[in-house]
Each structure stands twice: as C-alpha cells, then as structure tokens.
Amino acid sequence: MEKKVNKPAKLKIKKGDLVKVIAGDSKGTQGKIVEVIIAKNRAIVEGANMVSKHTKPNAANPNGGIIKQEAAIHISNLALVDPKTGSTTRVGRKLNADGKLVRVSKKSGEEIK
C-alpha cells in the first residue's frame, strides 16, 4: 500500500512581508518574515516567539550559555499587515495590467510587493 503524502498548501505570505502575530504567546507582535518553512506551513518572524537555546562552548561562542532566538510560528497564527492602512488584512490574487498574477490586499485593494 502506498503512503499518501500531503502537498503543502499555497502560502499567502513570503519572506520579507510585514506580519502581525494574531495568536499565541507573542500575540500582537509585528515583524518581518525572516524565513518560510513551506513543508511545515511555518514561518520565522523577527522578534516574535522568542525561545531560550542552551549552547555549549564552541569556537564562535567560547563561553556557551543561553541564547534567545526566534522559533517558527504556524502561518495560521500570522496576518499580513496592509501596506496602505497598516492594519491586518487577508490576501487575494489578481491579474495586473501586465497579465501577471499578483497578491492584493482584501481591505484596500492595494498590490502587495
């Protein structure tokens, strides 16, 4: 019997987007997306979902210790910030004048760069 593999969903956010965390411990935090992990439907947001990582001494960090760093957040807990109004919005897709499919804000109708 063949194992069924789920195909990752089409994500509406990408690296460099300004997003707001809408659920979880970091709720209300705004930040840029540093990395998107498509296979797990997760993203790493600058300054949000900070965790403490214990590190052993190594060449880069001779003392070792505890380092604060961002952990991945599920994309369902993120909302894109509208470039025009500054509030959160949903994302739609439209054909622009060049016939190219672009992301647009549902609130303002503004194209998302």
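Started with D82, which I found in the loop between strand 7 (78–81) and strand 8 (88–89); strands here are DSSP runs of E, at least two residues, numbered from the N terminus. This is a predicted model, with local features needing pLDDT of at least 70 and side-chain atom pairs counting only at pLDDT 80 or more, while totals for chains, interfaces and linings use all residues. Residues are numbered from 1 along each chain as its sequence is written, and side-chain values use heavy atoms, with hydrogens and water left out.

Is D82 buried or exposed? D82 is buried (under 20% relative accessible area, 1.4 Å probe, protein chains only). I looked for a salt bridge (a side-chain nitrogen of Lys or Arg within 4 Å of a carboxyl oxygen of Asp or Glu) and D82 has none. K107 is the nearest side chain of opposite charge, 6.8 Å away.

Next I checked polar contacts (N or O pairs within 3.5 Å, one able to donate a hydrogen and the other to accept it). The D82 side chain makes one to the side chain of S105 at 2.7 Å and another to that of S108 at 3.0 Å. Leaving aside neighbours within four places in sequence, I listed S87, T89, S105, K107 and S108 as in contact with D82 (heavy atoms within 4.5 Å).

Then the strands, which pair if DSSP finds at least two bridges between them. Strand 2 (residues 30–37) runs antiparallel to strand 3 (residues 42–45), with four bridges, and E35 sits opposite I44. The two form a hairpin with four residues between them, and N41 in the turn has a positive phi of about 55 degrees. Strand 3 also pairs with strand 6 (residues 72–74), antiparallel, over three bridges; there I noted H74 as the bridge partner of R42.

Conventions
Buried means under 20% relative accessible area, exposed over 50%, partly exposed in between (1.4 Å probe, protein chains only). Lys and Arg count as positive and Asp and Glu as negative; His and the chain ends are not counted.
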